[in-house]
Amino acid sequence: NERINIAIDGPAGAGKSTVAKKVAELLGYVYIDTGAMYRAVALAAYRSGVDAADGDRIARLLETLKIALYPGPDGQRVCIDGEDATAAIRSREVTLRVSQVASHERVRLRLVEMQRALAASKGAVMDGRDIGSHVLPHAELKVFLTASVKVRAARRFSESGAEQGVSLEQLEREIVERDRADAQRVHSPLVRASDAKLLDSTDLSIEQVVEQIVAWSRTKL
Ligand code: C5P
């Protein structure tokens with residue numbers, strides 16, 4: 001019963017968290033959503049009135065912030081200083097600012113340290129942007145999950161766009177912009193690691209994507 005680490009990276013809305021959660025369930029592993037950690041920092045900065053561009057102040061804020069991830073009945077929950085922020089980190093205010101917050105080196109150093117500690121005993125399915133390329137370069141299985149931008153926007157729209165009062169077209173523009181910011185930043189940008197398996201989910205169901213990743217994981221055990 002060897003355990004491995006699985007890194008799942010890719011652009012916004014590719015289905016990483018849905019898929020990673022199910023893969024973790026099937027394998028009896030822990031699911032770690034690193035985007036939620038960046039979102040928690042973005043939310044805390046926003047609430048404290050700290051500019052998303054001010055990396056030094058955000059890093060200082062982060063020093064005293066307690067971010068906790070723990071499994072709940074319907075997925076990972078996030079607490080900031082003891083308060084459940086699982087829903088709040090998905091708000092539009094956070095989504096529009098998180099990429100800038102995540103661009104700062106000092107912010108990333110701190111969160112990457114937490115992420116590596118969480119995966120240290122193996123048996124982690126971790127999703128994000130730089131997991132295979134930077135956080136867990138020795139992960140036994142690396143997947144780069146993509147889908148066309150149209151499909152990704154449509155998925156996001158059906159999840160939350162409609163209820164947040166944003167049009168499909170607007171969501172698509174925001175996704176393109178977030179991918180651009182994440183792929184072009186200086187510190188550990190969104191990139192496919194050279195040894196990551198490419199999986200395009202445009203024409204696949206969630207079940208098919210999960211099945212493929214679980215099948216790959218079996219070859220690593
Ligand atoms: O995965 P999610 O869309 O929730 O991530 C929100 C944002 O957090 C991303 O757009 C990116 O700016 C940042 N992020 C990151 N590195 C990760 C995970 C997320 O920079 N490993």
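Colleague: Which residues lie nearest the centre of the second largest pocket?

Modeller: Keep in mind that this is a predicted model. The second largest pocket holds about 330 Å³ of space, and 16 residues line it. Those nearest its centre are Val-30, Tyr-31, Tyr-70, Pro-71 and Gln-76.

Colleague: And which element gives the largest share of the lining of that second largest pocket?

Modeller: The elements that give two or more residues to this lining are helix H1 (16-27), strand S2 (30-33), S3 and S4. By class, the lining divides into 10 nonpolar, 3 polar and 3 charged residues. The largest share is 4 residues, and the element behind it is S3.

Colleague: OK, let's follow that strand. In what order do the strands of the open sheet run?

Modeller: The sheet has 3 strands, and their pairing is antiparallel. Strand S3 (67-72) and strand S5 (83-84) each pair on one side only, which puts them at the edges. The order is S3-S4-S5.

Colleague: How many bridges pair S3 with S4?

Modeller: These two strands form a hairpin with 2 residues between them. Along the pairing, Leu-69 stands opposite Val-78 in S4, while Gly-72 has Gly-75 as its bridge partner. S3 pairs with strand S4 (residues 75-80) in the antiparallel sense, and the bridge count is 6.

Colleague: Now the ligand. Which residues around it come nearest?

Modeller: There are 16 residues around the ligand. By class, that shell has 4 nonpolar, 4 polar and 8 charged residues. The ones that come nearest are Arg-39, Arg-108, Asp-130, Arg-178 and Asp-182.

Colleague: How far is an N or O atom in the side chain of Arg-39 from an oxygen atom of the ligand?

Modeller: Let me put a few arginines side by side. For Arg-178, a side-chain N or O atom is 2.8 Å from a ligand oxygen. Arg-185 also has a polar side-chain atom 2.8 Å from an oxygen atom of the ligand. For the side chain of Arg-39, the distance is 2.6 Å.

Colleague: Last one: which element gives the most to the shell around the ligand?

Modeller: Helix H2 (34-47), helix H4 (92-101) and helix H8 (168-184) are the elements that give two or more residues to that shell. The top contribution is 4 residues, and it comes from H2.

Conventions: Residues numbered from 1 in each chain as written. Predicted model: local features only at pLDDT ≥ 70, side-chain atom pairs only at ≥ 80, totals over all residues. Heavy atoms only, no water. Near = heavy atom within 4 Å. Polar contact = N/O pair within 3.5 Å; in protein donor to acceptor, adjacent residues only side chain to side chain. Nonpolar A, V, L, I, M, F, W, Y, C, P; charged D, E, K, R; others polar. Pairing = 2+ DSSP bridges. 1 Å grid on protein atoms, 1.4 Å probe; cavity = no way out; pocket = protein on both sides within 12 Å on 5 of 7 lines; lining within 4 Å. Points joined across faces, edges and corners; volume = space filled by probe spheres on them.
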